[in-house]
Structures are given as structure tokens and as C-alpha cells.
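Hi everyone, thanks for making time.

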Amino acid sequence: MLRRTLFLSFSSTSMTDAPLAREVQEELFRNAVAAKEHSYSPYSKFRVGAALLTDDGTIYQGTNLENASFGAGICAERTAYAKALSEGHRKFKAIAVTTDQDELISPCGICRQFISEFGPSTLPIYLINAKGESVERTLAELLPYAFDIEQGKKTHCSLIDGVIVKP
């Protein structure tokens, strides 16, 4: 669901050419901030919001959801992706991530790897702090040596007619 209820002013520092119109970027940022309000983080108290922009312009919000069994929690970025992927989207234009911290916080390692599955490596990832300041990085900048399925095919053995075959 798109949300247009928060009106914040954002300043952005970009290391790449801005691929999004300013209005689209600000809408993405507002959605990330709005998503954070739904965080379920009773253990860490670390609220995270994410907004994922699909190639058709749909924005999916995600927030972190913790669990008493810590490994069962899910990050905001993966929540947004799960919502979009479960509705058939496979191409994405950008993602924005925000927290309540004054410093800029980037996606965790698992989220970076998850995002890389759906790339591209040039995908803009916007990091937004509590003051509304932001920075744009690409997926390649945050995860320069991403593991992908092609690497997996090169390094794993196959079982063919009961015989282990190395690539």
C-alpha cells in the first residue's frame, strides 16, 4: 500500500547518477519512514523501515519483525522484498532503508545477499537517518563480491548416474 502521510524534507548525497525523479525518490523515502512505524522490535528496540520500488512504480513497505527465537526474525528489507515477490514482481528500481539512528545504517549482510539475488548490481540503495539525511549507494558498493548462482554452479559437484562429477 502506498502511503502519503508523512511530509519530511530529505537531503541526499549521491555517489551515482540519480536514477529516480526527485518526487519518486521522496515518495520512496516517505514510505520507508512510514513502514518503520509498524516495526515489531520489542527485544532490540531497533526500528527499521524499508520501501522497495518495482519497475512498474509500485512501492512495497517492509519493517523488521523480531521473534523471541532470534533467528526467526526478519529484516525490513527482506519483508519488503517478500511482499513484492509474493505478488509477482521480479524487477526493482530502488530500495530505501531508514532507522531511528542519527548515523546512516546500511542493510545487514544477509539482506545485502538477498537483495543481490534480484539485483542488478547498479540498484540504488538509499540510506536515511533519523534527521532525514540520506546517501545513495549501489548494491555493488555495499556488496562488491556477491555470491551468485553462477558461482555456485562452478564450485559445487553434481551427481550424474550415481557418479560425483566436479565442474
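I'll go from the overall picture to one helix, then to charges, a surface patch and the cysteines.

First, the ground rules. What you see is a predicted model, where local features need a pLDDT of at least 70 and side-chain atom pairs count only at pLDDT 80 or more, while totals for chains, interfaces and linings use all residues. Residues are numbered from 1 along each chain as its sequence is written, and side-chain values use heavy atoms, with hydrogens and water left out.

How confident is the predictor? pLDDT is its confidence in each residue, on a scale from 0 to 100. The chain has a mean pLDDT of 85, with 78% of its residues at 70 or more. Over residues 1-18, though, the pLDDT is below 50. That stretch still has 43 contacts in the model beyond near neighbours in sequence, a contact being heavy atoms within 4.5 Å. Where pLDDT is low, the predicted coordinates should not be read in detail.

Now the fold. We have five helices and eight strands; these are DSSP runs, numbered from the N terminus, with helices being H or I of at least four residues and strands being E of at least two. Along the sequence the pattern reads β-α-β-β-α-β-α-β-β-α-α-β-β. Taking contacts between residues at least 6 apart in sequence, 62% join residues at least 24 apart.

As for the surface, the chain exposes about 9400 Å², and carbon and sulfur atoms supply 56% of that. Those areas come from the Shrake-Rupley method with a 1.4 Å probe, and for residues only the protein chains shown count as cover. Of the 167 residues, 40% are buried. Buried here means under 20% relative accessible area, exposed means over 50%, and partly exposed is in between (1.4 Å probe, protein chains only).

Let's zoom in on helix H2, residues 76-86. Eight of its eleven residues are buried, so H2 is largely enclosed by the rest of the structure. Among the buried ones are Glu77, Arg78 and Tyr81. And what covers them? The cover includes E2, strand E3 (59-63), E4 and H3. After H2 comes Gly88, with a positive phi near 95 degrees.

On to charges. There are six salt bridges in the structure, each being a side-chain nitrogen of Lys or Arg within 4 Å of a carboxyl oxygen of Asp or Glu. One of them pairs Glu26 with Arg22, with the closest N and O atoms 3.3 Å apart. Both sit in helix H1 (residues 22-36), four residues apart, about one turn of the helix. An α-helix has 3.6 residues a turn, so residues three or four places apart point the same way. Glu26 is partly exposed at 24% relative accessible area, and Arg22 is partly exposed at 34%.

Now follow Arg47, which is partly exposed at 23%. Arg47 bridges to Asp100, with closest N and O atoms 2.7 Å apart. That pair links distant parts of the chain: Arg47 is in the loop between H1 and E2, Asp100 is in the loop between strand E4 (92-99) and helix H3 (109-118), and they are 53 residues apart. Asp100 is itself partly exposed, at 32%. Through shared partners, Lys36, Glu37, Arg47 and Asp100 are joined by salt bridges into one network. Within it, Arg47 also forms a salt bridge with Glu37, at 3.4 Å between the closest N and O atoms.

What else is on the surface? Tyr40, Tyr43, Leu65 and Phe70 form a nonpolar patch, with about 450 Å² of accessible area together. Patches are made of residues with over 30% relative accessible area and no salt bridge, joining like charges within 9 Å and nonpolar side chains (Val, Leu, Ile, Met, Phe, Trp, Tyr) within 5 Å. Tyr40 lies in the loop between H1 and E2 and is partly exposed at 44%.

Last, the cysteines. How many disulfides are there, if we require a pair of cysteine sulfur atoms within 2.5 Å? The count is zero. Cys75 is in no disulfide, and its nearest cysteine sulfur, in Cys111, is 3.7 Å away. The sulfur of Cys108 is also 3.7 Å from its closest cysteine sulfur, that of Cys111, which is too far for a bond. Cys75 is partly exposed at 22%, and so is Cys108, at 34%.

Key
A disulfide is a pair of cysteine sulfur atoms within 2.5 Å. pLDDT is the predictor's confidence in each residue, from 0 to 100.
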